[in-house]
Amino acid sequence: MAFDIEMIKKVYANLPAKVDAARKALGRPLTLAEKILFAHLHSDQQLSNFERGKSYVDFAPDRVAMQDATAQMALLQFMQAGRPKVAVPSSVHCDHLITARVEAKQDLQVATTESKEVFDFLSSVSNKYGIDFWKPGAGIIHQVVLENYAFPGGMMIGTDSHTVNAGGLGMVAIGVGGADACDVMAGLPWELKWPKLIGVKLTGKLNGWTAPKDVILKVAGILTVKGGTGAIVEYFGEGATSMSCTGKGTICNMGAEIGATTSTFAYDESMSRYLKATGREEVAAMADGIKNYLTADAEVYQSPEKYFDQLIEINLSELEPHLNGPFTPDLATPISKMKEVAVANGWPTKIEVGLIGSCTNSSYEDISRAVSLAKQVQDKGLTLKSEFTITPGSEQVRFTIERDGFLDTFNQIGAKVFANACGPCIGMWDRVGADKKEKNTIVHSFNRNFAKRADGNPNTYAFVGSPELVTAMAIAGDLTFNPMTDTLTNDKGEKVKLDAPNGEELPAKGFSVDDPGYQAPAADGSGVQVVVDPASKRLQLLEPFPAWEGTDLKGLKLLIKAKGKCTTDHISMAGPWLKFRGHLDNISNNMLIGAINYFNDKADSIKNELTGEYGPVPATQRAYKAAGIGSIVVGDENYGEGSSREHAAMEPRHLGVRAILVKSFARIHETNLKKQGMLALTFNDKNDYDKIQEDDTVDIDGLTSFAPGQPLTIVLHHKDGSVDKISVNHTYNQQQIEWFKAGGALNIIRKQVAA
Ligand code: SF4
């Protein structure tokens, strides 16, 4: 049994009293999302009427989930905390590092050889610290979480943006960076801005060709890729309860595509059925016992406009199947309009490949509905006009659909089955001919369709649809085909029409699996050795950062004065650097290489004050470090916007930068800097940015009396002998000042654990 029943019992034992207390304190009915949030306030966090979109609140999530690409740095950091075990139940899933090339077995073999040291590392760390480990081939993180860990009313964070998928089982599940995961595993509170609330009322019932995917494709069309930012989307209404649990998962999954913090559904019969079908009868029984707490209060549903910041209503009975794209998931086109829109836009209408599966759409229901169409290919004398691939979301689904003959049916029409992994959804698709960069169209049931996302080809036009619609489109091979009205010509020259898909929500014979790919951690991991080869290029154990020396900082060099936008991509580039995410020293060779030097308008070209020569940023900083000289980085507005990637804070810390001084910070990056023991400072007068000169030597004064709300002073020693003193602000609270003094938040935890 992978899931932690004792933890769930504890959550359910406390949840009603916490919700009642919140309702009383606010003096009004609560939505479901509010109930879950209030039930998960950290013990140090006082209950209050938090302001939506404004208040920062500390939470205590129930679980942490990590995928293989992001888990590496999260776990390397966690190892520094010195804890014998993770503070909350956690799991690691090997799914991103597997390339789809030929077919499942062969591809898996190649991946387990290529990334052996990473998988072995993740396996041994998991074993040691009490973390559930899912081997390569076990499945995609979000499908495995839904099948094993998600539970109604729970709160989870995960190091992947589609962690939100678990909202299909009534959770508040949120995607975060590795540093946040590390904090929660180490027992620290987790901070989130109290979200706004968007209500989506679903009336009517899905029918015919329309699937849950079409709900979120429609919502994405309404809200756009930014419309959900800072909000939790709560779905309700008769249309919600009539839908399967896995269908709800699909809708929540793509909440990431509208920028939502997360999405969720109230506990209902479909969730109960799914819990029972996946071996969690006990969880279903417990959820039944507190079901009024796992849904919004009745008044919310009666007058939703009073309780949500925004309300959307969709009638499922009238909803049409959609294809969204190309290049953005919010460009929603109902299938009846696709012909005219595609022609008007000059999109290539020949479909080269149809791909179904992924974490978004690989439930038993999805595959059974797709297979009902695949059967018609043979029954009606048709042939598949496009290539067709299936990426099952988990071994449990794969094994069950094989047992039930679905894979045979797919194979008979010429489909290819890839490994239970991310593969083509994350660019890990070694597609033959993609390097020619030809203009072409694919349709898939994944979630994202940005340029290059699937196959690296910027000219691949990718459209997102339900698995059943994708299957129909692959049969027709034509983007302008509307399966609801159009006919196809069969091998006898007859015009035939595809029947609407049908399937089963859950397998009649139950789920089966031979080897789910699960590795339980050692009961006592103290004797487990985590081995990292010191010569490894991909992994490196972390050394604790040194504590503050107790003095003001004198004689710092200006490393770079960055001009304009400086996002986490400018600070720690992705792409080819992804493979070094577990090796701090190697990935530090990308530090700030995308930032534009104010003094010469060039990227990765700065003056080395020791030699007077211009060179790359990382090499220059390494020269300062070798000479025992600290440095400072100066930046513009919203420095560090973009992802929550902790590497952008760890790299400068590792290479000896002492402070980042900017006009303003993106908040998550500012917090990441503080956690790593860096000084994150802002100009009191933004015009002082102009006073920074290329050859300046910089002092930071006031650190010996560093206190919340007290500005510090920066002294700029210019080359001509003149001096400027400027006042700089910070947002450190007392706790964060302790992080700075200790050299980082993890150093404090380690000390606490040792004591
Ligand atoms: Fe992310 Fe795609 Fe993998 Fe899902 S299948 S976790 S969206 S990469």
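**Exercise 1.** Decide whether Thr 441 is buried or exposed in this predicted model.

*Solution.* Start with the cut-off: buried means under 20% relative accessible area. Thr 441 has 0% relative accessibility, so Thr 441 counts as buried. Next, find its place: Thr 441 belongs to strand 17 (residues 440-444). Then look at what surrounds it. Leaving aside residues up to four places away in sequence, Thr 441 touches Pro 348, Lys 350, Ile 351, Glu 352, Val 353, Tyr 461, Phe 463 and Leu 479.

**Exercise 2.** Work out why the pair of rings of Tyr 235 and Phe 265 is stacked.

*Solution.* Begin with the total: the model has 25 aromatic pairs. Now take one of them. The ring centres of Tyr 235 and Phe 265 are 4.9 Å apart, and the planes meet at 10°. Rings pair if their centres lie within 6.5 Å, and planes under 30 degrees apart count as stacked. Both conditions hold, so this pair is stacked. Where do the two residues sit in the chain? Tyr 235 is in strand 9 (residues 231-236) and Phe 265 in strand 10 (residues 262-265), so the pair links distant parts of the chain, 30 residues apart. Finally, check burial: Tyr 235, at 1% relative accessibility, counts as buried, and Phe 265, at 0%, counts as buried too.

**Exercise 3.** Find which ring the charged end of Arg 63 sits over.

*Solution.* Follow the side chain of Arg 63 to its charged end: this sits over the ring of Tyr 149, 3.9 Å from the ring centre. For a second example, go to Lys 663, which lies over the face of Tyr 689 at 4.4 Å from the ring centre.

Notes
Residues numbered from 1 in each chain as written. Predicted model: local features only at pLDDT ≥ 70, side-chain atom pairs only at ≥ 80, totals over all residues. Heavy atoms only, no water. Phe/Tyr/Trp six-rings, centres within 6.5 Å; stacked < 30°, edge-to-face > 60°. Helix = DSSP H or I, 4+ residues; strand = E, 2+ residues; numbered from the N terminus. Buried < 20%, exposed > 50% of the residue type's maximum accessible area, 1.4 Å probe, protein only. Lys NZ or Arg CZ within 6 Å of the ring centre and 35° of its normal. Contact = heavy atoms within 4.5 Å.
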